[in-house]
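Hi,

Here is the structure I promised to pass on to you. Have a look at it first, and then read my notes below.

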Amino acid sequence: MSRDDTSHAACTPTCATVPEEVDAPDRAGRLAVWSPPPDRAGPSAARRSARVVTRAGALARRQLRTWGDRSVRWQVDRQLRFKPADRFGHELPERKEFFRRAWHCVRFNAIDGDYAEFGSHGANTFRMAWHATRLIGADAHLWAFDSFAGLPEGADERDAHPRWTPGSMATSLDEFHRLCRRAGMTSSDYDVVPGYYRDSLAPSAPGPRPTTVAVAYVDCDLYSSTVEVLSFLEPRLRAGSVIGFDDYFCVGPDGPSGERRAAVEHSATSRWRLVPYVQFGWAGMSFVVEPATELAGCDRATHMP
Ligand SMILES: C[S@@+](CC[C@H](N)C(=O)[O-])C[C@H]1O[C@@H](n2cnc3c(N)ncnc32)[C@H](O)[C@@H]1O
């Protein structure tokens, strides 16, 4: 086949019927512009039609710019506003993303261990944690620690907070199991330890408890409850475990309150350093656990060199 035959074979069938001199690109690749037939138009007619074409083009470009400007302004305006659903709409997805990352992190680092949750009543975070373990392929057993009778009376003046009223946020044990089953969990996937932490987390408490915790979720709000949780967790954590605090950025009448106050005080004597990890929702914060003796140059407060 000759060179000409090859180029022809690459054309579409309709392409072959178009006379070569019409609309053919010139050597520089520009398309020929239409002009009146030479017998009907002199040079001034050609100039007039060229002016018309130029004006129409400018008008079209201006119109497009106006539409473009309006569309950009409209989009910016829309992005500056909130929808009513934005008020709480980010809270659950951000927790969900925290669980995905936490389980990815511990699985990638080969940290074997269970999921322990402290404050489980509506089973929202418990179900998310469960779905994350299935997503990531972590073979973890889940533990829920809750009174199932709502928040206890504050045991310390550091528990003071305008939102934390004794007895609030209670879900019955039956309802909790129903929610877990509906999510697809079987009785062998999780354990529930009902009761107040002063009893259920005490070293002398009867019954099985997790031996190693890969991911812990602390959502018990109160300072005194978190103090009990962190003492319970201390020997069960491993380098690389992740702890999430649902209400880390809460402030009481005298300053930092609840979970943050307990976590900071606990870290002063803990064998673990809490390295900032994922922040989620408006109040949530999480940490990766590191042995406090490692990285001697690491500042205890900022966790940075
Ligand atoms: C904010 S709610 C937990 C919400 C849950 N994570 C969810 O996603 O549905 C806090 C829970 O912590 C529990 N709690 C707080 N202090 C406790 C303690 N000392 N002993 C047992 N349960 C406690 C309360 O029963 C309450 O249900």
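I started with a helix pair: the axes of α8 (residues 223-233) and α9 (residues 258-267) come within 8 Å and cross at roughly 40°. That crossing angle makes α8 oblique to α9, and the crossing is right-handed. On the α8 side, the contact is made by Tyr223, Thr226, Val227 and Leu230; on the α9 side, by Gly258, Glu259, Arg261, Ala262, Ala263 and His266. By class, the residues of this contact divide into five nonpolar, three polar and two charged. Please keep in mind while you look at these side chains that this is a predicted model.

Now for a second pair of helices. The axes of α4 (residues 91-108) and α5 (residues 124-136) come within 9 Å, with a crossing angle of roughly 45°. α4 and α5 are therefore oblique to each other, and their crossing is right-handed. Seven nonpolar, three polar and four charged residues make up the contact of α4 with α5.

Next, the ligand. Which residues come nearest to the ligand, of the 20 around it? They are Gly119, His121, Gly122, Asn124 and Cys220. Sorted by class, the shell around the ligand has eight nonpolar, nine polar and three charged residues.

I also looked at one cysteine, Cys298, which lies in the segment after β9 (284-291). Is Cys298 buried, exposed or partly exposed? Cys298 has 14 C-beta neighbours inside 10 Å, so it counts as partly exposed; a residue would need 20 or more to be buried, and 12 or fewer to be exposed.

Finally, the chain as a whole. The protein chain has nine helices and nine strands. Of its 305 residues, 30% are buried. Among the contacts in the protein chain with a separation of 6 or more, 72% are between residues 24 or more positions apart.

I would be glad to hear what you make of it.

Best wishes

Note on methods:
Residues are numbered from 1 along each chain as its sequence is written. This is a predicted model: local features need pLDDT of at least 70, side-chain atom pairs count only at pLDDT 80 or more; totals for chains, interfaces and linings use all residues. Helices (H or I, at least four residues) and strands (E, at least two) are DSSP runs, numbered from the N terminus. A residue is near a molecule or strand if its C-beta atom, placed from the backbone, lies within 6 Å of it. Ala, Val, Leu, Ile, Met, Phe, Trp, Tyr, Cys and Pro count as nonpolar, Asp, Glu, Lys and Arg as charged, and the others, Gly among them, as polar. Axes are lines fitted to C-alpha atoms, for helices over the stretch in contact, and angles run from 0 to 180 degrees between N-to-C directions. Angles under 35 degrees count as roughly parallel, over 145 as roughly antiparallel, 65 to 115 as roughly perpendicular and the rest as oblique. A crossing is left-handed if the near helix is turned anticlockwise from the far one by less than a right angle, and right-handed if clockwise. Two residues are in contact if their C-beta atoms, placed from the backbone, lie within 7 Å.
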